[in-house]
Amino acid sequence: MDSQSIEQHGQLVEPRNPGMALDLDWVANVQANTSAIERRAASLPGRRSVKKDYQAAWLLKAITLIDLTTLSGDDTTGRVRRLCAKARQPVSPALLQALDMEGITTGAVCVYHDMIAPAVKALDGTDIPVAAVSTGFPAGLSPFHLRIAEIEESVKAGAKEIDIVISRRHVLTQNWQALYDEMRAFRAACGDAHVKAILATGELGTLRNVARASLICMMAGADFIKTSTGKESVNATLPVSLVMIRAIRDYYDATGYRVGYKPAGGISKAKDSITYLALIKEELGDRWLQPDLFRFGASSLLGDIERQLEHHVTGAYSAGYRHAMG
Ligand SMILES: O=C[C@H](O)COP(=O)(O)O
């Protein structure tokens, strides 16, 4: 089976994953061989699957896949405006020209609900979507009706993407039906906005739980599965990524629907972004290296990528403070 990508404004767009009935037999049969996964993940960073000459091109690609994020209690309209200006023009025109590239933008800007309106305004006239974290982010422990209302409010305010957090307790108590029902309700509340399911993998206990939670969220209609809020003590890792992208592959093989992947939290180095892109290319193929199917959730990655690009062009590193985000 294969769902057909369509082209809109020069970009590939995937038909949305409609989800399917909860298949508990499939869930029960999901395995995760922790030592094999850890071995494979450990072999990834050292390998030169991306040749040096192509690194600048890969870094530019990585920029287009960033959900440029600010999720702080002290966020202000001014900070969000500056972040949006960065999303519109992530690399200086001079650097882009030296790299022989046309204008690029980040994949999205990701903020809390109250910052949606200023972000939408600051991105007016671009195709850059605003993503909002939701459902009582980061713990997801507010009353259920309020979590649904929060999604609806954020969609009304102009968010085109909603990053929900799942109830970790449903995974830890193996209450798969509750997890499925919750995700279904979140997806319905999103309407036409795309929904990313944040699993908070650092709080799920085992890789097998990560694999099962990934599968259930996809069965319930998630457009993306996302590792972390950035607020857990362990956020995106390569072993967790391997488990989640293999769940995405299995789901695609069974249903023909491509679900997106968003590693988030703690990805701040340019070289790590290349490792992630190489992993996606090897495990899922080039089609997944497009903004409709892959995003980095990151607040400071862009700054390091800019420094590396500048080094590539000029041979010298600039100070980190010159690449402030907000
Ligand atoms: O979803 C995005 C994360 O909150 C960003 O995490 P970070 O600040 O560690 O890059």
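Keep in mind that the model is predicted.

Start at strand S3, residues 66-69. Ile66 and Leu68 point one way. Asp67 and Thr69 point the other way. Which of these are buried or exposed? All are buried, Asp67 included.

Now the neighbours of S3. On strand S10, residues 296-298, there are three bridges to S3, and the two strands run parallel. Leu68 has Ala298 as its bridge partner there. S3 also pairs with strand S4, residues 108-111. That pairing is parallel too, again over three bridges. Here the partners are Asp67 and Ala108.

Move on to S4 and strand S5. Three bridges join them, and they run parallel. Val109 is partnered with Val130 in S5. What lies between these strands in the β-α-β unit? Helix H6, residues 116-122. The unit is right-handed.

Next, S5 itself, residues 130-133. Val130 and Ala132 face one way, Ala131 and Val133 the other. All of them are buried.

The chain gets from S5 to S6 through helix H7, residues 144-156. That β-α-β crossover is right-handed.

Conventions
Residues are numbered from 1 along each chain as its sequence is written. This is a predicted model: local features need pLDDT of at least 70, side-chain atom pairs count only at pLDDT 80 or more; totals for chains, interfaces and linings use all residues. A residue is buried if 20 or more other C-beta atoms lie within 10 Å of its own, exposed if 12 or fewer, and partly exposed in between; C-beta atoms are placed from the backbone. Helices (H or I, at least four residues) and strands (E, at least two) are DSSP runs, numbered from the N terminus. Two strands pair if DSSP finds at least two bridges between them. A crossover is right-handed if, with the strands pointing away from the viewer, the path from the first strand over the helix to the second runs clockwise.
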